[in-house]
Amino acid sequence: MRFTTVIEVVIIIALIAMLYVFLQEPDEDVFYSSPGSTQAPAQSIDTPVPLIEENARWGKTTLSIFIDLEISQDVPGFRGEFIDIFRDAADTLSNSIQNKITFRFVSQPSAADIHVRWVEQLRADSLDAIGHTELNFSVSPSFSVISKAEVELLAKKEGGALSREQMFVLSMHEIGHALGLGHSESKDSIMYPEAQESLTKPSPMDVESILEAYGLESLPDLYVKEAQFSKRIINRVVFKQYLYDGKISVINDGLSDSGLFLISIEADGNIIDEEAKKLRPGESIILTLQNVTTDSDFSEIIINVDKENDVRELNEDNRYRAEVG
Ligand SMILES: [Zn+2]
């Protein structure tokens with residue numbers, strides 16, 4: 001191959017790679033674009049607040065918040081009262097939903113669910129003009145379980161200080177994002193893209209949207225996603241033996257950690273294998289069985305996940321039949 005041809009091939013590969021990256025779905029931390037002038041005029045009709053991602057929510061209802069004072073206090077424009085305003089906003093939100101979700105302020109960042117800090121400048125892809133909330137998810141077929149939220153708030157806006165009222169509404173808005181809410185088109189909503197200074201509490205539709213999103217109890221849901229078994233027959237001198245190989249995939253498609261649970265594999269009424277496992281939301285495991293030997297021939301294997309129902313689940317149906325191919 002000529003040298004120039006090699007360069008051409010490299011360039012073509014690079015272009016294909018760039019096109020491929022360009023065509024991929026956006027990352028989960030890319031949110032709706034910020035409100036532009038093309039947006040329809042605000043409606044006062046209350047419509048449900050959409051979620052940032054389909055079925056996005058936390059898998060618990062007590063959330064710990066860490067406010068990073070060390071970083072915040074050096075930010076130009078930061079005022080000590082912001083902390084109380086933020087706490088007030090969290091309390092107001094919690095009270096408006098009959099404390100279905102509560103917030104606990106903690107002094108250690110390591111275990112906190114929501115990290116909050118005031119900054120001088122927001123990141124380039126920030127969701128809002130004066131704030132930004134970044135979410136991490138554990139994604140399963142049924143849910144996007146929020147595992148961490150990082151809230152950044154501007155200490156002052158372009159051209160001046162932020163009023164108490166603005167900081168209060170901004171705080172409720174970003175906590176709304178931290179709970180998984182997207183933007184609302186209703187001006188009465190705390191999730192309206194622009195901070196409405198006059199708001200003192202979430203709108204009835206905000207409340208309904210949060211209660212709806214958090215309607216399901218925070219439980220795991222374990223089940224067999226897939227199972228494949230194959231059989232070989234070995235002819236001994238006077239009898240036959242059957243060798244089974246299998247691959248079982250079990251998932252936690254629920255909202256919270258499973259804790260320890262048993263997976264038992266039965267053939268012909270006998271347990272041929274039993275294993276204790278733990279799965280976080282969205283996590284799955286694959287069990288591999290090799291050369292399980294029996295003297296009897298069977299064509300069906302039953303897999304029970306948490307047969308005794310020791311674990312409370314969203315769906316307690318735990319029996320799976322696998323045909324032996
Ligand atoms: Zn927003």
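**Figure 1. G131 in strand β5.** G131 belongs to strand β5, which spans residues 131-139; strands here are DSSP runs of E with at least two residues, helices are runs of H or I with at least four, and both are numbered from the N terminus. The model is a predicted one, in which local features need pLDDT of at least 70 and side-chain atom pairs count only at pLDDT 80 or more, while totals for chains, interfaces and linings use all residues. Residue numbers start from 1 along each chain as its sequence is written. G131 is buried, because 21 other C-beta atoms lie within 10 Å. A residue counts as buried with 20 or more other C-beta atoms within 10 Å of its own, as exposed with 12 or fewer, and as partly exposed in between, with C-beta atoms placed from the backbone. Leaving out residues up to four places away in sequence, G131 touches E152, L153, L154, L170, H173 and E174. Such a contact requires C-beta atoms, placed from the backbone, within 7 Å. G131 and L170 are 39 residues apart in sequence, and their C-alpha atoms are 7.2 Å apart.

**Figure 2. The hairpin of β5 and β6.** Four residues link β5 to β6 in a hairpin. The two strands pair in the antiparallel sense over nine bridges; pairing requires that DSSP finds at least two bridges between two strands. L135 has A149 in β6 as its bridge partner.

**Figure 3. The largest nonpolar core.** This core holds 48 residues, and I65, A89 and I114 have the most contacts inside it. A nonpolar core is a set of buried Ala, Val, Leu, Ile, Met, Phe, Trp, Tyr and Cys residues joined through C-beta atoms within 7 Å. Elements that give two or more residues to the core include β2 (62-67), α3 (81-96) and β4 (114-119). Helix α4 supplies the largest share, seven residues. I114 touches L63, I65, A149, V151 and A178, when residues up to four places away in sequence are not counted. A second, separate core of 18 residues includes Y223, V250, L279 and I301. In soluble globular proteins, nonpolar side chains tend to be buried together.

**Figure 4. The buried side of helix α5.** Helix α5 covers residues 204-213, and D206, S209 and I210 are buried in it. These three residues lie on the same side of α5, because they cover an arc of only 95° around the axis. The arc is taken from the directions that run from the helix axis to the C-beta atoms. An α-helix has 3.6 residues a turn, so residues three or four places apart point the same way.

**Figure 5. A sheet of three strands.** This open sheet has the order β9-β10-β13 and antiparallel pairing. β9 (222-235) and β13 (284-294) are at the edges with a single partner strand each, so one side of each has no neighbour in the sheet. From one strand to the next the twist averages 10°; the axes are lines fitted to C-alpha atoms, and angles run from 0 to 180 degrees between N-to-C directions. Thirteen bridges, written 13 in the count, join β9 to β10 (residues 240-252). R232 has L243 in β10 as its bridge partner.

**Figure 6. Strands β14 and β15.** Strand β14 (residues 300-305) and β15 run antiparallel and are joined by five bridges. E300 stands opposite E323 in β15. Strand β15 (residues 319-323) lies largely in the open, because the number of buried residues among its five is zero.

How values were computed. Two residues are in contact if their C-beta atoms, placed from the backbone, lie within 7 Å.
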